[in-house]
Amino acid sequence: MKLHCPHCGSRSVEEFRHGEIPQVPDHLSDPGQRDLDRVWNRSNPQGPTVEAWFHEQGCRRWFRHERDTS
Amino acid sequence: MNEQVEEEITLRWGGEPRPSYDVVIIGGGGHGLATAYYLATRHGITNVAVVERNWIGSGNSGRNTTIIRSNYGIPASVRFYQRSVELYAGLEAETGRSVMHRRKGLLWIHHSETGIRAERARAHLNQAMGVETEFVGPEEIRAIVPEIDLSGGGRFPVMGASHHLPAATARHDRVVWAFAEGAAARGVDILQHTTVTGIRTAGRSGPGAGSGQGRVTGVDTDRGFIAAGTVVSATAGHTTTITDMVGLRMPIRTHQLQALVTNQYRQTFHPIVFSAELAFYVSQTARGQMLMGAEWERQPSYSYRSGSEFLRSCTAKAITLLPFLGDLRVLRQWTGVCDISPDSSPIMGFTPVDGFLVTTGWGTWGFKGIPAGGEALAELIATGRTPALIAPFGLDRFARDRILSDAGSAGTQ
């Protein structure tokens, strides 16, 4: 699998580290519940999603990347 | 495979769902079917349906590497998996079906001083809890596996291992069929090719429904509504697809795990061999093929596609530890999608939605937990109380700050 780094171009996915952008749902209004959700729960989307990726073995910069998980 | 299963085992296939059941279990894999089996055999609860989107055992239950063991690093896990090891050992006698259970022993090898120290501690914990795990040195390892390169290709010297004697393998789809047949014979409906499209609840309040209150009343499927007093999700990598239907947020991410088999190795390779630092394990199937794996993909995915990266890294590790594997050929590789929990421990039991239960977080370690997980969940459903064996594994452990971190015992990285 290849991933496109905006700085380095198309590289093997092994060079990158996957990062997640936590999305706490709006209906959780209690601050304690929001903290718990942010720490543990995951949206785990099946389909196109935007993620943060770190080019660990390249330019060592974070970038946003859209990927289809299905 | 489905046609063959239909011919060979005695199930009532293709029946119409009843309008209502006491218990509907979503997911016809090992955990779902074992729960149904133990509900029927231990508790006489047979007004039960197992609803499966494809055919039984078509998910991770038919894709795993079939290893059964209990050499964990925390007491709650040792206790739980040891119960599973015992139930597996008696499964053929109990069900009257061959599941090709073989006790093989497992060598859990380390290549570093720090690894050795952790492994000694784990062997001591196992022994203290009555589990046969012995620490062995390089020469003893060579006696058990003459094929091993103790220098690890010069880069991964074998420094010691724990020898976990009760470790075993069983034929995975036969385990699924044994539980399915036993459950069906007692009146459980197994509804294949039936997809759950929604879960209905009653008594929820306002727009805050997503906070997960209310009580479950049944499931919508592509074959109509089925009412149920209790609904269980046993859907592995697709857990959050189901829990999203009741607005329940879960500490689960879906990751791919790959495995491969080679062609036949003509000699007997008895033990299961695992390397902690290499993140690699191998065992021999009943057909003589060498079965290996151990690395899950870091980025979440629901895709069943296999990749060349795994093929390259796994075979390189294989040859480092066991050079004879280089003379074999890769026959096939495949992928399963796993429900990985944050602490590498399963999540079983009640949820904030009344009557809705989960058995999930089985990640890359679910096969070995099938009988004990099914037995405990059946007891929970029948009695309404969480059995002591699985009390530490509740979904509420995250909010209570009682997580069960044991990634080092998961056998995968």
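Predicted model: local features only at pLDDT ≥ 70, side-chain atom pairs only at ≥ 80, totals over all residues.
Reader: What makes β11(B) and β12(B) a pair?

Author: Pairing requires at least two bridges. Strand β11(B) and strand β12 (residues 224-233) of chain B share four bridges and run in the antiparallel sense, so they count as paired. Within this arrangement, G218(B) stands opposite A227(B) of β12(B).

Reader: How do you know that β10(B) and β11(B) pair?

Author: The criterion is again at least two bridges. Between strand β10 (residues 196-202) and strand β11 (residues 215-221), both of chain B, there are six bridges, and the strands are antiparallel; therefore they qualify as a pair. Here G218(B) in β11(B) is the bridge partner of R200(B).

Reader: Why is F63(A) called partly exposed?

Author: A buried residue has 20 or more other C-beta atoms within 10 Å, and an exposed residue has 12 or fewer. F63(A) has 18 such neighbours inside 10 Å, which means that it is classed as partly exposed. The residue belongs to strand β5 (residues 62-68) of chain A.

Reader: Which residues does F63(A) contact, leaving aside its neighbours within four places in sequence?

Author: They are C5(A), P6(A) and W53(A).

Reader: How many residues of chain B are in contact with chain A?

Author: On chain B there are 23, in contact with 14 residues of chain A. Both α8 (239-243) and β13 (253-264) of chain B contribute at least two residues each to that side. By class, this side of chain B comprises nine nonpolar, 10 polar and four charged residues.

Notes: Residues numbered from 1 in each chain as written. Chains lettered and ligands numbered in written order. Contact = placed C-beta atoms within 7 Å. Nonpolar A, V, L, I, M, F, W, Y, C, P; charged D, E, K, R; others polar.
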